[in-house]
Number of protein chains: 2
Amino acid sequence: MSRTPGQRAGLTHDAVLAAARTVFAERGLPGLSMRSVAGELGVAPNALYSHVTDKDALVDALLDDLLGALAPPAPDADPVAGLRGTMLATFDLLGRHADLVPLYLARQGARGPHARALGEAMVVLLARLGVDEAAGRVVRALIVSTLGYAALATADAPLGTAELRADLEVTLDWLLRGAVG
Amino acid sequence: MSRTPGQRAGLTHDAVLAAARTVFAERGLPGLSMRSVAGELGVAPNALYSHVTDKDALVDALLDDLLGALAPPAPDADPVAGLRGTMLATFDLLGRHADLVPLYLARQGARGPHARALGEAMVVLLARLGVDEAAGRVVRALIVSTLGYAALATADAPLGTAELRADLEVTLDWLLRGAVG
DNA sequence: GGACGAACTGTACACCGTCCAGTATGCTGG
DNA sequence: CCAGCATACTGGACGGTGTACAGTTCGTCC
């Protein structure tokens, strides 16, 4: 975090991302600024721009990075249970990082390797349910509801997280029944 | 918009809201600042704070105001068609104001008189379908998907608005079938 | 007509993202 | 071993943000 001046910090893209993760964990989204991340690294704010093109790009990386905490469903698991479980785990993960949910929505669920891996695992499970051509549509429907309910749970609602999670479970059932049946 | 100095502007909450609407229409969400709204009214930025507690509150009002463009479904219309139509009309409206979609999500669909009126009209239609105790849940599911798909349509997706609208139609059918059947 | 409260202005603070110009560093070829 | 060079990084600045504070001016009511 601190260096004797005149030495290189030896930053990397990953180091910047890690610092961003730390700052976000400690101070939330409002506290996540280029300046705060640079401060965490003991570095001038503009130094980040050698490793990250934009604050937007940094946030993109942070969003996908977070999805790395999610284990993709095993391809040989029960398909319906795997899909449900993945979406509920996503909901729970997002609940722990409420600030980010609107960002996921705005960028349509975050591109990036982790997100892609999850999507592909879901497609595999759907194929085993006989859903093939419409798989993309179903994945999208599941994700939309999951992110949407997470967003609702984010704001201080008349409804608590538990109720919304129950809602999500029911909704997922409706969607899967509609898609498969 | 301009006054000889020394005269009162005679602002009201509604005037501020109207100016915000104008600024947003002309310059989008990034261009919507307290300063720009004040400029539109020919007034110092802080003058707004006599009529609006916060930028957040102003945006809240703007969000609900926009929903005023939506006609609630008639209580004696065909329930399924009314619900579907309302959600699709909402999707289309949001498509015309893409910047705002993440904000709706973040505030869980915007409270306010217009939003409430829409919700209540939907509950009435659901009652005629025999959905009573679970009506709130169903309304939420419909709204979540509609907002979610609107959010996806907002970002420059691999998928265009037309495809996502078609997705939404299918999803709404699944949800309604699941809820009613 | 004098007092009062609300509306509005001027100024300022503490931030923000990011650009520009410069400096120092480590790596590479000769 | 040394010159040259690309890269990493710093200092400083620009233009923007939301909003707090203190002061002035006005309309209204007793």
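**Entry 1**

The same surface serves both copies, since 100% of the contact residues of chain A recur in chain B, where contact means heavy atoms within 4.5 Å.

I note that this is a predicted model, in which local features need pLDDT of at least 70 and side-chain atom pairs count only at pLDDT 80 or more, while totals for chains, interfaces and linings use all residues. Residues are numbered from 1 along each chain as its sequence is written, chains are lettered from A and ligands numbered from 1 in the order in which they are written, and side-chain values use heavy atoms, with hydrogens and water left out.

**Entry 2: the interface**

I looked up the contact and found 29 residues from chain A and 29 residues from chain B. The area buried between chain A and chain B is about 2700 Å², of which carbon and sulfur atoms give 69%; buried area here is the accessible area (1.4 Å probe) that two parts lose on being put together, summed over both.

**Entry 3: salt bridges across the chains**

I counted 4 salt bridges between chain A and chain B, each being a side-chain nitrogen of Lys or Arg within 4 Å of a carboxyl oxygen of Asp or Glu. A:D167 meets B:R140 at 2.2 Å, N to O, and B:D167 meets A:R140 at 2.2 Å, N to O. B:D167 lies in helix α8 (residues 161–180) of chain B and A:R140 in helix α7 of chain A, so this pair joins two chains; helices are DSSP runs (H or I, at least four residues), numbered from the N terminus. B:D167 is buried at 4% relative accessible area, whereas A:R140 is partly exposed at 22% (buried is under 20%, exposed over 50%, partly exposed in between, with a 1.4 Å probe and protein chains only).

I also found B:R137 in a salt bridge with A:D167 at 2.9 Å, N to O. B:R137 is partly exposed at 26% relative accessibility, and A:D167 is buried at 5%.

**Entry 4: within chain A**

I then turned to A:E169 and A:R84, whose side chains form a salt bridge at 2.6 Å, N to O. A:E169 lies in helix α8 and A:R84 in helix α4 (residues 79–95) of chain A, so the pair ties together parts that are 85 residues apart in sequence.
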